[in-house]
Amino acid sequence: MTDTAAVEVLADVHRGVGRILLNRPKALNALTTDMIAAIDRVLAGWEHTPLSAVVLASTGAKAFCAGGDIRTIREHSLAGDAEASERFFASEYRLNARIAEYPVPIVSLIDGVCMGGGLGLSIHGGFRVVTERAVLAMPETAIGFFPDVGASYFLPRLPGAIGMYLGLTGHRLDAAEALYTGLATHFVPAEGIDAVGDALADDPGEPVDVVLNRLADRSPVTGSRLAEVRGDVDWAFGAPTLGEIEKRLRHLDTPWAADALVALESASPQSLEITHALLARGRQRTLRECLDAELALTRTTIRTPDFLEGVRAALVDKDRAPNWQRASLDGRTLPA
């Protein structure tokens, strides 16, 4: 572990509860290869330690984890360093699989932003606690990429066509929507989030679910805006093709449908096609098969003009005006 990673990932065991804290606040805990390796090493070391739970959290309230350090991946691509990018994605996906198969319950405390790689860290564990400040999203189509970190496994398993909607549009969910979709499992107010670790340590013999329910405040799930448009989500995003999704959204002619269309029209057409195909197939694959398919896709996607341009517009120059290779979804096939 490098000195930097040791500072950016803090870990200890406190009264039988393992604690991993992401500590790169200025970068909103964007994951580097070193941070991923550090988390993986800690979890591997604890596999045979008698723990009642592992808590994954952030040292700051602004973000749990804003995703992977995609700017660095772009730099690798521009420099022709495919090996560095491969190392990043392969180690990240390996960690996602470890979390999914971990013998001890993993409890993620999502207070603030949780996007992309942040969902990869949290969603594969059994318990995802959100506060009223939580914001969850898989916004990859807006940067010329695709929802990865096992999203092709967990998005298709959300109710109805919600996963396809989230994957294609990058819609940002608040706490109520995260609970409604099942991406979050429990709600604890921000002021009580620091008490979760101690509560788990106080009752090591109790099911984690029972301990979290005791801390939970009244769930805001009834305020979910997604619940109100659920029928439209399932009808539009359950369409068999991207063109048909677009057609159904135009037919609906509602504020929600108009917002969804804007999101699709501003995303990379290449990313939308990759994402639609990936999510359509994901429900019949295991998590490991999904991660393998995603890793294979990263090798080609991160070298495409749309990825380089999307990351430039969103994270480098921050002009939010990407110039995609194709202006629209017009049915033309992608270049091989």
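A residue is called buried when its relative accessible area is under 20%, exposed when that area is over 50%, and partly exposed in between (1.4 Å probe, protein chains only). Helices (H or I, at least four residues) and strands (E, at least two) are DSSP runs numbered from the N terminus. The model is a predicted one, in which local features need pLDDT of at least 70 and side-chain atom pairs count only at pLDDT 80 or more, while totals for chains, interfaces and linings use all residues. Residues are numbered from 1 along each chain as its sequence is written, and side-chain values use heavy atoms, with hydrogens and water left out.

Spanning residues 305-316, α17 is mostly covered, with nine of its twelve residues buried. Among them are Phe307, Leu308, Val311 and Ala314, along with the charged residues Asp306, Glu309 and Arg312. After α17 comes Lys318, which has a positive phi near 55°.

Salt bridges come next, each defined as a side-chain nitrogen of Lys or Arg within 4 Å of a carboxyl oxygen of Asp or Glu. The structure holds 23 of these salt bridges. One of them joins the side chains of Arg312 and Asp319, at 2.6 Å from N to O. Arg312 is buried, with a relative accessible area of 15%, whereas Asp319 is partly exposed at 38%. Both belong to a salt-bridge network that also takes in Glu309 and Asp317.

Elsewhere, Arg250 and Glu265 form a salt bridge through their side chains (2.8 Å, N to O). This pair links distant parts of the chain, 15 residues apart: Arg250 lies in helix α13 (residues 242-252) and Glu265 in helix α14 (residues 255-266). Both ends are partly exposed, Arg250 with a relative accessible area of 46% and Glu265 with 44%.

The model also contains an open sheet of three strands, in the order β4-β6-β8 and with parallel pairing; two strands pair if DSSP finds at least two bridges between them. Because β4 (63-65) and β8 (135-137) stand at the edges with a single partner strand each, one side of each has no neighbour in the sheet. Strand β6 (residues 113-115) pairs with β8 in the parallel sense over three bridges, and Met115 has Ala137 of β8 as its bridge partner.
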